[in-house]
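Trainee: Please show me how to read a protein model, one feature at a time.

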Amino acid sequence: MAKKAVGAPKGKTRKEVLDLAKKANVQFVQLQFTDLSGILKGITIPISKLDGVIEDGLWFDGSSIEGFLRIFESDMYLKLDLDTFAVIPWTKTSGQAAVARFMCDVYMPDGKPFEGDPRYILKRQLERAKKLGYVYNVGPELEFFLFRKENGKLMPLPHDTAGYFDQTTDLAVEIRQEMTEALHGFGIDVEALHHEVAVGQHEIDFKYGNALAIADQASTLKFTLKYIAAHHDLHATFMPKPIAGINGSGMHVHQSLFSTDGKNLFFDAKDSYHLSKIARSFIMGQLTHIRAMNAILNPTVNSYKRLVVGYEAPVYIAWGQRNRSALIRIPRYTPGREKAVRAELRCPDPTANPYLAFAVMLAAGLDGIEKKMTPPAPVEENIFEFTDEEASKRKIGVLSKDIMEAVTNLEEDDVIRGALGDYTFEKLKELKTQEWDAYRLQVTGWEIDQYLEKF
């Protein structure tokens, strides 16, 4: 993380954007935003309408978007973030109308931001941090599986037999390179691409930066990877645990606070871990609120099938250096790379809405700073080998065990619930309760195998 971060928006002007679109021969424009679950939504307009939409926004019906408004109060409009203008790379081919995209903010008819817009929720927390003199930088690592289609149906069968960093048996090298080229076309600076531990599992990492810009890029990455995979008759899935018995997919997030003049406020040369008091309090804030944060960072029923002992996903609430069984890991410090000092939160998975995830992570960390929280001693042993008695003796808690326990913890946590706002919390609670009920009321094949002939 020592490289210069992706910065906050630079402030493109209307004329600059229109000139860029004309130069690229853009004929259509996608206006993109996410619903509460982080699913990318979009409305397409012809280029002739762009100037007017930049000026006035674009009205749409929000009643059909998950987590948005009821049908009798559905009028909303999109306001373009001009700094997110990009030409969609695969539309640049000759003979095809080029298509551009913008990330958008959602507004109400009275001109106020929609309180349930995930992008606005993150912006609100970033503004809070700014008033305290902080810039919140993140660097997520998104893991995903590539599956193939058989007889027109998606099958949970990986398309290769490679392992971590393998090259000779990795059939997706060229596909990952194509994905990377497309991401570069969006202005996303990819730092590494490699095969992951599980068969059929991959990871593409991009440069850290301001949380809003990175949340936009994380949404774009999912959109891009799914498109490229589909054109190879494959399906890219960010489902946390698509196959039982092997590693699931996580979204580890490296994070740090900088001053407005570019100083890493997490670094302290005198500390044994090279962590400042601000960093330690930030860490303790996240340890304190993590069980409520699980509802946002691990938002599906399937998320909790990844968070089990034995598959490199964290279960216990502890922190340490170089300790990959801990919830928060502090990577080893390299002299001369003070800007690279950071804390890696390891429980999030890639089904998390990145805007909401970064918002609650920041809210928890700021609460720790404001209350001058002090973390317990770091744990450097392999926590997975601890007995329940040893973990209890050392006061090491565990993450929420399922989505409904996480929602209950969220409901009782004023800090994390407050970061979301009552409207968003109530919508999330409603959606997650429906999801849980649909899951728990089904009769699974496992139950048939276990009980049908036995009883």
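Trainee: Leaving aside its neighbours within four places in sequence, what is Phe-358 in contact with?

Mentor: Contact means heavy atoms within 4.5 Å. Skipping neighbours within four places in sequence, Phe-358 is in contact with Leu-122, Tyr-136, Val-138, Pro-140, Ala-211, Ile-214, Ala-215 and Val-253. Keep in mind that this is a predicted model: local features need pLDDT of at least 70, side-chain atom pairs count only at pLDDT 80 or more, and totals for chains, interfaces and linings use all residues. Residues are numbered from 1 along each chain as its sequence is written, and side-chain values use heavy atoms, with hydrogens and water left out.

Trainee: Which residues touch the most other members of the largest nonpolar core?

Mentor: A nonpolar core is a set of buried Ala, Val, Leu, Ile, Met, Phe, Trp, Tyr and Cys residues joined through side-chain atoms within 4.5 Å. Buried means under 20% relative accessible area, exposed means over 50%, and partly exposed is in between (1.4 Å probe, protein chains only). The largest core has 90 residues, and Tyr-136 and Phe-358 touch the most other members. Helix H7 (residues 354–370) gives the most to this core, 11 residues. There's also a second, separate core of 26 residues, with Leu-31, Ile-45, Leu-78 and Val-106 among them.

Trainee: At roughly how many degrees do the axes of H3 and H7 cross?

Mentor: Axes are lines fitted to C-alpha atoms, for helices over the stretch in contact, and angles run from 0 to 180 degrees between N-to-C directions. Helix H3 (residues 118–131) and H7 have axes that come within 8 Å and cross at roughly 25 degrees. Under 35 degrees counts as roughly parallel, over 145 as roughly antiparallel, 65 to 115 as roughly perpendicular, and the rest as oblique. H3 and H7 are therefore roughly parallel.

Trainee: Is that crossing left-handed or right-handed?

Mentor: A crossing is left-handed if the near helix is turned anticlockwise from the far one by less than a right angle, and right-handed if clockwise. H3 and H7 cross in the left-handed way. Residues making the contact include Leu-122, Leu-126 and Ala-129 of H3, with Phe-358, Leu-362 and Leu-366 of H7. By class, this contact has 12 nonpolar, 1 polar and 4 charged residues. Ala, Val, Leu, Ile, Met, Phe, Trp, Tyr, Cys and Pro count as nonpolar, Asp, Glu, Lys and Arg as charged, and the others, Gly among them, as polar.

Trainee: Within how many Å do the axes of H5 and H7 come?

Mentor: Within 9 Å, for helix H5 (residues 211–230) and H7, with a crossing of roughly 150 degrees. That makes H5 roughly antiparallel to H7. Their crossing is right-handed. Phe-358 turns up again on the H7 side, along with Pro-354 and Tyr-355, while H5 brings residues including Ala-211, Ile-214 and Ala-215. The contact of H5 with H7 has 8 nonpolar, 1 polar and 1 charged residues.

Trainee: Which residues meet where H9 and H11 come together?

Mentor: The axes of helix H9 (residues 403–411) and helix H11 (residues 422–440) come within 10 Å and cross at roughly 160 degrees. That makes H9 roughly antiparallel to H11. Ile-403, Met-404, Val-407, Leu-410 and Glu-411 in H9 meet Phe-425, Lys-429, Lys-432, Thr-433 and Trp-436 in H11. They divide into 6 nonpolar, 1 polar and 3 charged.

Trainee: How many residues apart in sequence are Asp-51 and Leu-18?

Mentor: They are 33 residues apart in sequence, yet 7.4 Å apart in space, C-alpha to C-alpha. Asp-51 lies in helix H2 (residues 50–56) and is partly exposed, at 31%.

How values were computed. Helix = DSSP H or I, 4+ residues; strand = E, 2+ residues; numbered from the N terminus.
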